[in-house]
Amino acid sequence: MKKLLIIGYVWPEPNSSAAGSRMMQLIHFFQGQSYQITFASPAQQTEHMVDLNALNITMENINLNCTSFDEFIADLQPDTVMFDRFMMEEQFGWRVSEHCPDTLRILDTEDLFCLRNGRHQAYKQKRDLTDEDLLTSDLAKREVASIFRSDISLMISSVEVALLQRLFKVDASLIHFCPFMLSEAQLTQDNPSYQQRDDFMAIGNFRHAPNWDAVLWLKQQIWPLIRKQLPDAKLNVYGAYPPPKATDLHDEKSGFLVKGWVDDAVLAMQSAKVCLAPLRFGAGIKGKLAEAMYCATPSVTSDIGAESMQTELAWPGAIANEPQTIADAAVKLYQDEQVWQVASDLGQQNSQLMYQQERILVALADCLLKLADNLEQHRQQNFIGSMLNHHHHKSTQYMAQWIDVKTQLKDLVEGPEKE
């Protein structure tokens, strides 16, 4: 069997975030391609993580800046390594290249961190993001360098694919567009009718800054406008890892109900009449909105929320960027069954057009097969990547070795004192 090593930034939590769901979709893809998978991460294990052992996936804890990884990777000798976000490629890429030079190196970006961070900073300054912001961003330089160093980068957003090619001159051969992959069962599932649903909902991991900002915006400006028109309406706010500042927003009187963790996000989405996702910054595509689509739940979101998630069909709900227009659209969808039904039907139609699993999996398998068969030529044509690998690996290698030696010396010095 072929061997795949996934180096995870975190352990996958599909019920906590879209990133976790995305990772599990990729894992199932590789299992379908008959890979023997090892998932390794320097992160702490969590209560909400998937039991990968139950899926016949080997789990390994690895350390940052430690020669123990060299022994691990040299012994494993994987055919393919997939880095979960660019930080993992920065940390472990040079070690993989040194001990497994012929291994295919994949970067799964999730979304562009530099774009998400740039938009967040611009939002704080009450202005739009510019190309200059990205071109002068240290984070962008690190992330795009990681993309050049990798054999292929999986991109979840077509907008981000276009940005990489236009602004950073990344060749199309280094990028593969790979959005959410939804099964036929998900895309064609039976969903409750308008009459069987009640309440509004919002959902998102509270550790993700765009989600927390959206909750605050709902609480402070949007929800009061909705309640003014619908005095008995309720908004159920779900999400993993709610901090005290979030649970403190819970208010039975105003119908703003912060419920935090939900065991079954799909059931919660199916139970709601309308999903609210007023995102003011962020990047990538949004798991909550894809979920709303295949659950036939109309959604009200912003331009940022709908980015790279639209087809030639209308949005399954409404796109608005101001509190009053968001509130008015939400109320209309909630009250008018005919308007709701049109949006509900559009949700499933849009999800089938964009996220049909079989089509996406075939394209991904074909891409990786061609890469594996022509890896040497592919790397020769990527001179910038070769150059960056040469310099980055040396600088990162020396820094990591310095940290490793420093740690060993510290242990030697402090050891007798501890005894």
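A: A crossing of two helices is left-handed if the near helix is turned anticlockwise from the far one by less than a right angle, and right-handed if clockwise. The model here is predicted: local features need pLDDT of at least 70, side-chain atom pairs count only at pLDDT 80 or more, and totals for chains, interfaces and linings use all residues. Residues are numbered from 1 along each chain as its sequence is written, and side-chain values use heavy atoms, without hydrogens and water.

Q: At what angle do the axes of α9 and α14 cross?

A: Two packed helices are described by the angle between their axes and the distance between the axes. Helices (DSSP runs of H or I, at least four residues) and strands (E, at least two) are numbered from the N terminus. Axes are lines fitted to C-alpha atoms, for helices over the stretch in contact, with angles from 0 to 180 degrees between N-to-C directions. The axes of α9 and α14 (residues 323-335) come within 9 Å and cross at roughly 45°. α9 is therefore oblique to α14 (under 35 degrees is roughly parallel, over 145 roughly antiparallel, 65 to 115 roughly perpendicular, the rest oblique).

Q: Is the crossing of α9 and α14 left-handed or right-handed?

A: The crossing is right-handed. Contact (heavy atoms within 4.5 Å) involves residues including Trp-217 and Leu-225 of α9 and Ile-326 and Val-331 of α14. The contact residues comprise 9 nonpolar, 3 polar and 1 charged (nonpolar: Ala, Val, Leu, Ile, Met, Phe, Trp, Tyr, Cys and Pro; charged: Asp, Glu, Lys and Arg; polar: the others, Gly among them).
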